[in-house]
Amino acid sequence: MEKNEFLEAYVFNGLEPIEVANATEGITYFSESDFGTVLERAEHYGLSIYTIEARLDAEVFDTLSHDKAKKKATDPKWYTQALVHFKKRQSDLVYGATYKVSQKLLDRNSDAEAL
């Protein structure tokens, strides 16, 4: 199983992606409420989230990263606080992120699919 397959099947499943003009390649964007669900699922699976990009009217509003927060990419505190930070600053944002799915998790799900 590839990273994008895992994200589609387990993290983005049942959510409505939002089309964004001039989107950053490889990033899927969601509404605030759906992105909150994405973060919950990322925490459940232990995914790394490196950056979160917030957009307003298709323009990049701001980007935060785990490096800037001085936290590990797998630490849910950094990305949940980042979402709260964005929500306080501006309403009607759409959110996307860059993720890493561990090879161990991908292998485990590939093995489960083979059964």
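Biologist: In this predicted model, how do the axes of helix 2 (residues 32–45) and helix 4 cross, and within what distance do they come?

Modeller: Two packed helices are described by the angle between their axes and by the distance between those axes. Here the axes of helix 2 and helix 4 cross at roughly 170° and come within 10 Å. Angles over 145 degrees count as roughly antiparallel, and helix 2 and helix 4 are therefore roughly antiparallel to each other.

Biologist: Which residues of helix 2 meet which residues of helix 4?

Modeller: From helix 2 come Glu32, Phe35, Gly36, Leu39, Ala42 and Glu43; they meet Pro76, Tyr79, Thr80, Leu83 and Lys87 of helix 4. By class, the residues of this contact divide into 6 nonpolar, 2 polar and 3 charged.

Biologist: How many salt bridges does a search of the whole structure find?

Modeller: Side chains of opposite charge can pair when their charged atoms come close. The search of the whole structure finds 2 salt bridges. One joins the side chains of Arg89 and Asp62, at 2.6 Å from N to O. Arg89 belongs to helix 4 (residues 76–89) and Asp62 to strand 2 (residues 59–65), so this pair ties together parts that are 27 residues apart in sequence. Arg89 is partly exposed, with a relative accessible area of 39%.

Biologist: Which side chain meets that of Arg55 in a salt bridge, and are Arg55 and Glu53 buried or exposed?

Modeller: The side chain of Arg55 meets that of Glu53, with an N to O distance of 2.7 Å. Both Arg55 and Glu53 are buried.

Note on methods
Residues numbered from 1 in each chain as written. Predicted model: local features only at pLDDT ≥ 70, side-chain atom pairs only at ≥ 80, totals over all residues. Heavy atoms only, no water. Salt bridge = Lys/Arg side-chain N within 4 Å of Asp/Glu carboxyl O. Buried < 20%, exposed > 50% of the residue type's maximum accessible area, 1.4 Å probe, protein only. Helix = DSSP H or I, 4+ residues; strand = E, 2+ residues; numbered from the N terminus. Axes fitted to C-alpha atoms, helices over the stretch in contact; angles between N-to-C directions. Parallel < 35°, antiparallel > 145°, perpendicular 65-115°, else oblique. Contact = heavy atoms within 4.5 Å. Nonpolar A, V, L, I, M, F, W, Y, C, P; charged D, E, K, R; others polar.
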